[in-house]
Amino acid sequence: MTNVPPTIPDQLVSSYDAAIRADTLSLLFRQSFPALFLSLLIACIMCWTLWGSVPPYAVYAWISVLGVSTLIRLTMFLRYFGARPQGAQILAWERPYAATLMLSSLIWGLGALYLIHEVKTMQQGIVLFFLAGMLGGSMVTYASHRVMTICAMSCVMVPSTLWLYTQPGQAALGMAIASTTMMATAFLGTKVLSKAMQSSLLLSYQLQHARDIAENMARTDALTGIFNRRAFVECGEQAIQLCERNAHRVSILLIDIDFFKHVNDTYGHGAGDLVLKRMGHLLESRFRKTDICGRLGGEEFAVLLPNTEVAVAKILADKFRETVADTVIPWQTKNLGVTISIGVAADSYDLESLLQRADMAMYQAKASGRNATVC
């Protein structure tokens with residue numbers, strides 16, 4: 001029993017439609033390149049098999065025209081491989097690919113029609129045998145793109161099949177019915193193959209999306225939306241190394257919310273969470289995109305400032321401290337306000353050392369009465 005792939009919801013397919021189309025076309029280019037030469041080779045073998053039963057000039061003319069179409073397709077393939085398009089750029093090659101494929105297939109089909117018209121009944125069966133081989137080859141080679149597959153198979157098979165239906169005799173009718181049956185079976189087969197390939201491509205994108213989400217969750221603090229400690233350390237070390245290579249100064253701010261335990265004890269953990277969320281939002285909005293903000297744990301935050309002198313870092317810290325002190329956080333029927341203490345450290349290319357020195361400065365800020373900045 002044939003296992004038919006499950007139907008994919010349209011909304012899932014549409015979200016990845018362009019990417020799947022690009023991957024499908026890229027796969028077509030890779031797997032159909034040998035078919036350029038096989039198609040011409042099979043045509044030559046069929047003419048050699050029927051040699052003597054058809055006029056030589058007609059054979060030469062058909063092979064020549066087919067050779068020209070093969071050269072056209074080959075040129076298109078070489079231009080594609082030379083351009084090496086990526087992503088959505090690949091879609092620009094869909095029409096040239098389809099046009100050259102239909103041209104080659106139609107030349108093949110019309111040539112087969114001429115041969116089957118010129119030969120006797122037994123030899124007509126030989127032509128039909130070669131057409132069946134082309135039918136199967138097309139189904140396998142172009143299966144990833146069902147519309148192109150059906151069009152290519154139709155161009156090859158339909159002219160000879162229709163002609164056989166018009167001929168008298170049981171043999172011609174039998175071959176026509178057999179040809180029709182083969183086409184119908186092949187068309188159904190392309191549906192299964194195309195659906196399976198589309199399901200595979202869609203699944204790969206869904207898995208990649210799931211991995212991206214998991215990676216983002218592993219690097220992001222769920223409450224505040226900024227980097228967690230692990231991600232802050234990883235990105236911070238990379239930024240410090242870059243600053244060291246370019247001889248740029250680097251500074252760090254270590255921030256602690258004053259009396260945060262009092263907020264939790266007085267208004268509840270919901271209020272404390274809201275304060276932490278607002279702190280994360282302020283950090284993202286008040287610092288540069290190149291600065292690295294992270295929640296190190298509890299009510300403690302850090303900001304790494306690449307290419308920043310300590311004097312500038314002190315100014316930025318004071319401005320941010322004043323911004324936090326002026327921020328009103330609505331909570332139920334009350335307005336909450338908090339302050340922060342900031343420790344500033346600089347002149348080192350070792351993140352651990354910077355954090356330790358900033359921690360000492362931050363505790364000095366708390367010891368001096370809180371809502372203060374100490375370098």
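## A guided tour, starting at the sheet

Select E2 and strand E3 (residues 300–306): these two strands pair in the antiparallel sense, over five bridges. Keep in mind as you go that this is a predicted model. Now pick out cysteine 293 and look across to E3, where valine 303 stands opposite.

Next, widen the view to the whole sheet. Five strands make up this open sheet, in the order E2-E3-E1-E6-E7, and the pairing is mixed. Which strands are the edge strands? They are strand E2 (292–297) and strand E7 (373–374), each pairing on one side only.

**Helices on the sheet**

H8 lies across strand E1 (250–257), E2 and E3, and runs at about 140° to E2. Then show helix H12 (residues 351–367), which also packs on the sheet. H12 touches E1, E2, E3, strand E6 (340–346) and E7, and its direction makes about 140° with that of E6.

**A pair of helices: H9 and H10**

Let's move to helix H9 (residues 260–267) and helix H10 (residues 269–286). Their axes are 6 Å apart, and the two helices pack at an angle of about 140°. That angle makes H9 oblique to H10. To see the contact, show the side chains of Phe260, Val263, Asn264 and Tyr267 on H9, then His269, Ala271, Gly272, Val275 and Leu276 on H10. Colour them by class and you will find six nonpolar residues, three polar and no charged.

How many cavities of 30 Å³ or more does a search of the whole structure find? The search finds one. The largest cavity has a volume of about 40 Å³. Select Val275, Arg278, Met279, Leu282, Val324, Thr327, Ile329 and Val338 to see its lining. H10 gives the largest share of this lining, with four residues. By class, the lining has six nonpolar residues, one polar and one charged.

**Last stop: H3 and H4**

Finally, select helix H3 (residues 56–83) and helix H4 (residues 94–118). Their axes come within 10 Å and cross at roughly 170°, which makes H3 roughly antiparallel to H4. Zoom in on the contact: the H3 residues include Trp62, Leu66, Ile72 and Phe77, while those in H4 include Tyr97, Leu101, Ile107 and Trp108. Across the contact of H3 with H4 there are 17 nonpolar, four polar and one charged residues.

Methods. Residues are numbered from 1 along each chain as its sequence is written. This is a predicted model: local features need pLDDT of at least 70, side-chain atom pairs count only at pLDDT 80 or more; totals for chains, interfaces and linings use all residues. Side-chain values use heavy atoms; hydrogens and water are left out. Axes are lines fitted to C-alpha atoms, for helices over the stretch in contact, and angles run from 0 to 180 degrees between N-to-C directions. Angles under 35 degrees count as roughly parallel, over 145 as roughly antiparallel, 65 to 115 as roughly perpendicular and the rest as oblique. Contact means heavy atoms within 4.5 Å. Ala, Val, Leu, Ile, Met, Phe, Trp, Tyr, Cys and Pro count as nonpolar, Asp, Glu, Lys and Arg as charged, and the others, Gly among them, as polar. On a 1 Å grid over the protein atoms alone, a cavity is a set of points where a 1.4 Å probe fits but cannot get out, and a pocket is an open set with protein on both sides within 12 Å along at least five of seven lines; lining residues have an atom within 4 Å of a point. Grid points are joined across faces, edges and corners, and a volume is the space filled by probe spheres set on the points. Two strands pair if DSSP finds at least two bridges between them.
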